[in-house]
Amino acid sequence: MRNNIWYYISVSFVFQYLLCGILLIYFYYTRSPRKELYNEFKVIKPFVWLMFIGELYEVIFSVILFVKTAYWTTLYSLLEFLAFNYMFYKLLKKHKTLYNTFNIVFLTFYITSLFFWNIDNHNIVEGYYGAIETVFIIIWAILWFKDLFKKDEVVSLWRMPAFYYVLGTVIYLCGGVIPVLFTGHLFKATGLWTKYWLVFLILGTFMRIMMIIGLLKATVKKP
Amino acid sequence: MLKVALVDDHKLFRKSLAALIGTFEGVEVVYESDSGKDFLSHLKENKNVDIALLDIQMPEMDGYTLCGKVLKVHDSIKVLMISQLSSKETIRHVMQSGAHGFVTKNSEPEQLELAIRNLDTSGFYLGPELGSVLKDLMLYQQGGNEFQPDKDFLSDREKEVIQLICKGKSSAEIAEELFIHQRTVETHRQRMITKVGAKNFIGVIVFALKHNLLDVEDLS
Amino acid sequence: MGQGEEVVSLFYIGTAIMLFLAFGLMFIVVTYQRHFFRMKRKEAENMLRVSLESEKNERARIAADLHDGVSGDLSAIKNYLSVLAKKESVNQTIFDEIKEGVDAALQNTRAVSHNLMPPLLETEGLVPALKNHLNNVGPKAQIEFEVITNGVDQLPPLVAYQLFRVLQELTTNMIKYGNVSKSEINLLLEKDSLKIEISDNGVPFNFKENLAKPNASGLKNITSRLHAIGGTIVQNEEKPKGNQFTITIKNINHA
C-alpha cells in the first residue's frame with residue numbers, strides 16, 4: 001500500500017488536518033474573543049481540543065508508528081458527535097431535553113454496537129454512527145435557522161461565526177453520510193479505500209477550514 | 001321691507017340667525033333652507049329676494065359655487081357670505097366668488113345688521129376683519145391685469161364716488177353730495193367695475209387700494 | 001463486476017445529490033434571510049404610515065365635528081341671547097356674563113379644533129397653514145416668526161400634514177423652553193427635494209442628546225413622522241448662538 005498514490009493522498013490529508021488542528025488551537029489561545037461573540041467563542045472549545053489532540057494522536061500513532069487506526073476511528077466517531085452536539089446546544093442556548101435525548105440515544109446505540117464490534121467491520125459500524133449523527137445535527141441546524149429568522153434585526157451572515165460553524169458541519173455531514181455508509185462495503189468488495197474515501201477527506205478539510213474562519217470571525221488579535 | 005334668504009346647513013344656527021334678523025327693523029326673512037339646490041329652485045320661481053346669506057361650508061354645494069349660481073339666476077341679489085372661517089384665503093375666495101360681503105358666524109349682531117343694511121345701500125360690505133386683511137390681499141391679487149394704471153385711470157369724479165361709497169353712503173346720498181343724478185352714480189359704479197375687470201365693487205376698492213388710487217384710511 | 005460498477009456510480013451520484021441539497025439549503029438561507037428582513041422592515045414602515053394616516057384622519061374628523069357642530073351651536077346661543085335682549089329687559093350683568101361665557105367657549109372650541117387639525121392645511125397647503133398657525137401663537141409667546149418660501153405649493157397631503165406637525169412640535173418647543181425672540185423658517189424646493197431650514201435665536205438645544213432621554217416622546221414623534229414620509233432632520237451643530245435644523249425630503253414628487 002505504501003507505493004500507492006492513494007496512500008500519499010490520505011497521508012497528506014492527515015497532515016492537512018493536523019495543520020488545521022494546530023491553527024485552531026493556536027488561534028483559540030492567542031486571540032481574544034469579541035465581547036458580543038463570546039458565546040460563539042466558547043462553544044467550539046471541545047471541538048478545538050478534539051481536533052488538536054485527535055490529529056496529533058493520529059499523526060504520531062497511526063502514521064509514524066503504524067498502530068492500527070480502528071480503535072481510534074471508532075472512538076473518534078463518538079467524540080466528534082459529542083463535540084458537535086455540545087456546540088449546537090450551547091449555540092442555541094435552549095432545547096436541553098433535545099440535547100440530552102440526542103446524547104442518550106447516540107450513546108445507547110454506540111454502546112450496544114460495541115458488543116458487535118470487530119476489527120473487520122468497524123468501518124461499517126462507523127457508517128451508522130455517521131448516519132445518526134447527520135440526522136441529529138441537521139435537526140440542530142434547522143432549529144438554528146428558525147432562530148435566525150426570528151431575529152428582529154438584519155445581521156450579516158458572513159460576519160457571524162455561527163454561520164460558518166453550521167455551514168461547515170452541515171456540508172461535511174450531509175455530503176459525507178453516503179461515503180461513511182458505503183466506503184466500508186466498497187472496500188470489502190474492491191479492496192480500494194482511499195479512492196472512495198477521498199470525498200469524505202475533502203469535506204473534512206472544508207469543515208475544518210469553516211471552523212477556523214468562524215473562530216477568526218469571533219476573535220480579534222490580542223492587543 | 002328688505003327681503004332676506006338664509007342658506008345654512010347648521011339648522012340651529014340658521015334658526016337663531018332667522019330669529020335675530022327678524023328683530024332688525026325693516027328686514028324680514030322670506031326664505032330659509034339647508035340646501036343650496038333648493039334655494040336655486042326657489043329662486044327660479046320667486047325673485048323677491050333682496051339679500052341672500054350663504055354659509056360657505058355646506059356638504060351638498062359649498063357657498064362659493066352657490067354664490068356664483070345664485071348671481072347667474074338673479075343678478076340683482078346681494079350675497080353676504082357667512083362662515084366660521086376668517087382666514088385670508090377664505091376672504092380671497094369670497095372675493096373671487098363674486099359675493100358682496102362677508103361676516104363671520106361669531107360677529108356681533110350689530111355688525112350683522114350693519115352688513116345687511118350696507119349691502120342694501122352701498123351694494124357691498126367690508127367688515128373689520130377684511131380691513132386688516134385687505135393690505136395683504138392687495139399684494140395677493142396678482143392674477144389677470146398686470147398693468148400699471150396712470151393717475152388718471154380713474155377720473156376724479158370716480159374717485160370721489162369711491163370715497164363716498166367707502167364711507168357707507170347710499171347712492172342717493174352720494175348723488176345729493178355730488179350734485180348729480182342717482183342714476184349717474186350707478187353708472188359710475190358700473191363703469192368702474194368694468195374698467196377694473198372685477199366681479200363686483202369690492203374688486204374695484206381692492207384695485208384702487210393696490211394702485212394707491214385710494215388710501216386705506218379712506219375706508220371707515 | 002457490472003453490479004459493482006453500478007454501485008460505485010450510485011455512490012457518487014448519491015453523494016453529489018446530498019452535497020447539492022446541503023449547499024442548496026445554505027444558499028436559500030443566505031439569500032432568503034436578507035429578503036425576509038427587508039419584508040419585515042417594509043411591513044413595519046407600512047404600519048407606521050398607516051397609523052400616522054389614521055391618526056390624521058381621526059383628528060380631522062374630530063376637528064370637523066367640533067368645529068362645525070359645537071361652534072355653530074354656540075353662535076346660535078349668542079344670536080338667541082341678542083334676540084332675548086331686544087325683546088325683554090334682561091338683567092344686564094347676567095346677560096353679559098352669559099355672553100362672555102359663550103365667547104370663551106367659542107374661542108376654546110376654535111383653539112382645540114385648530115390644534116387637532118390646522119384649518120388651512122387641506123384647502124390651501126402647508127405654507128398658508130403654517131403662517132396662520134404661527135400668526136396665532138407667535139404674538140402671545142412674544143416670538144417673531146418669519147416664514148420664507150421659494151414657492152412650495154402642491155405637496156402630497158400626508159407629507160404636508162406630517163411636516164406641519166413636525167414644524168408645530170419644533171416651534172412649540174421653542175415657545176416652551178427656548179427663550180426665543182426671533183425665528184425663521186425657510187422652505188426651499190430644489191428640483192426634486194424639499195429642504196426646510198428652521199433657525200432660532202434661543203437657548204442651544206441638542207436634538208440628538210435630548211432624543212436619547214427617556215421622556216423624549218415629542219422628539220421621537222418628529223423622527224418617526226419624518227421617517228414615514230422619507231425625510232431626515234439634521235442639526236447644524238456649529239452654530240454658536242441659537243439653533244438651526246435642516247429637514248430634507250428627497251423625491252418629493254414621488255412620496
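Of the 223 residues in chain A, 32% are buried, a residue being buried if 20 or more other C-beta atoms, placed from the backbone, lie within 10 Å of its own, exposed if 12 or fewer do, and partly exposed in between. The model is a predicted one, in which local features need pLDDT of at least 70 and side-chain atom pairs count only at pLDDT 80 or more, while totals for chains, interfaces and linings use all residues. Residues are numbered from 1 along each chain as its sequence is written, with chains lettered from A and ligands numbered from 1 in the order in which they are written.

Chain A holds eight helices and two strands, where helices (H or I, at least four residues) and strands (E, at least two) are DSSP runs numbered from the N terminus; their order from that end is α-β-α-α-α-α-α-α-α-β.

In chain B, five strands form an open sheet with parallel pairing, in the order E2-E1-E3-E4-E5, and two strands count as paired if DSSP finds at least two bridges between them. Because strands E2 and E5 of chain B each have a single partner strand, one side of each is left without a neighbour in the sheet.

| Edge strand (chain B) | Residues |
|---|---|
| E2 | 27–33 |
| E5 | 101–104 |

Within the sheet, strands E3 (residues 51–55) and E4 (residues 78–83) of chain B run parallel and are joined by five bridges, and Asp55(B) stands opposite Ile82(B) in E4(B).

Between chains, 17 residues of chain C are in contact with 19 residues of chain A, contact meaning that the C-beta atoms of two residues, placed from the backbone, lie within 7 Å.
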